[in-house]
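Keep the structure in view while reading.

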Amino acid sequence: MGDFTGPVRVIGVEDEAYRRVFEAFLAGTDEKAAAHPYLTDIVTALPERGVWVDAGAGEGATTRHLAPYFGATVAIEPGEHLRARLREVCPAAVIVTDPVLRAGLDLRADFALLSHVLYYVPPQEWRETVLRLLGWVRPGRELVVMLQDPDDDCMSMVRHFTGVRMDLAALAEELAASGEGIVGDLTRDKLPATYRAAKEEAALAVAEFMLNVPQLALMEKRPDREELAEYVRSRHAQPGGGYAIGHSSDVLRVRRAAGPGWEEERVG
């Protein structure tokens, strides 16, 4: 990393730096250890498992985990460098390169996942994005939306330095109030996760990566790296050595309402 001074870097999703730090983050987090069993329980309770949609498939770890449970996988991933790895681990998946709101799909999926994608979507498009995805899900089936818990270590740090709060609670309220007739039951869950690093350099790199969540490139003034380093040292250094930053997932489960003449199948 060199000298950790100056403004926090903008790390674009197509940058080589993004790939490196994202891989470091994945190597140090236990997020998948909690998310994968949770999603597996949902999927294995489905009465049918024909097609599923992974919107924002990323490098394909979760796509690869869930794909064997379904007859066909549709993976939406606009990031070119992420798609390269996705194709390696999920060669049978149909890969869509356009984001959700531009993807011209005609699907009747048994399950859909939108995991940690809404950071890259303007808040005014969250509802439309979710409704578009839900429109690809069969009546009575489910869309799972995941985002960082707004009160965990990671998002508290983001809010401290940027003032930005991203919260699925407001989206859930908006969907409940006006879901265009296709939103059925809404439920919320939390999945604990922690990123751990043995060395300060790795912890600071991932903290900087986390601060890129609210689209730093659009900000007039970016946070200072030295202030970020002091924040991480004072709040996330562990007594026995190393660093730990909590980043639990907030989960919104959205069931598509049963349409006219549709006998809703009970799941689970």
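In this predicted model, the axes of α6 and α8 cross at roughly 65° and come within 9 Å. Angles of 65 to 115 degrees count as roughly perpendicular, so α6 is roughly perpendicular to α8. The crossing in which α6 passes α8 is right-handed. On the α6 side the contact is made by C154, M157, V158 and F161, and on the α8 side by A207, M210 and L211. Sorted by class, the residues of this contact of α6 with α8 are seven nonpolar, no polar and no charged.

Helix α8, residues 200–211, also meets helix α1, residues 16–28. Their axes come within 10 Å and cross at roughly 110°. The two helices, α1 and α8, are therefore roughly perpendicular to each other. Here α1 passes α8 in a left-handed crossing. From α1, the residues Y18, V21, F22 and F25 meet A205, V206, F209 and M210 of α8. The contact of α1 with α8 consists of eight nonpolar residues, with no polar and no charged ones.

The loop that lies between β5 (137–148) and α6 (153–162) holds D149. Is D149 buried or exposed? Its relative accessibility is 13%, and buried means under 20%, so D149 counts as buried. A polar atom of the D149 side chain lies 2.9 Å from the backbone nitrogen of D151. Leaving aside residues up to four places away in sequence, D149 touches M155, K190, S248, S249 and D250.

Note on methods. Residues numbered from 1 in each chain as written. Predicted model: local features only at pLDDT ≥ 70, side-chain atom pairs only at ≥ 80, totals over all residues. Heavy atoms only, no water. Axes fitted to C-alpha atoms, helices over the stretch in contact; angles between N-to-C directions. Helix = DSSP H or I, 4+ residues; strand = E, 2+ residues; numbered from the N terminus. Parallel < 35°, antiparallel > 145°, perpendicular 65-115°, else oblique. Left-handed = near helix turned anticlockwise from the far one by under 90°. Contact = heavy atoms within 4.5 Å. Nonpolar A, V, L, I, M, F, W, Y, C, P; charged D, E, K, R; others polar. Buried < 20%, exposed > 50% of the residue type's maximum accessible area, 1.4 Å probe, protein only. Polar contact = N/O pair within 3.5 Å; in protein donor to acceptor, adjacent residues only side chain to side chain.
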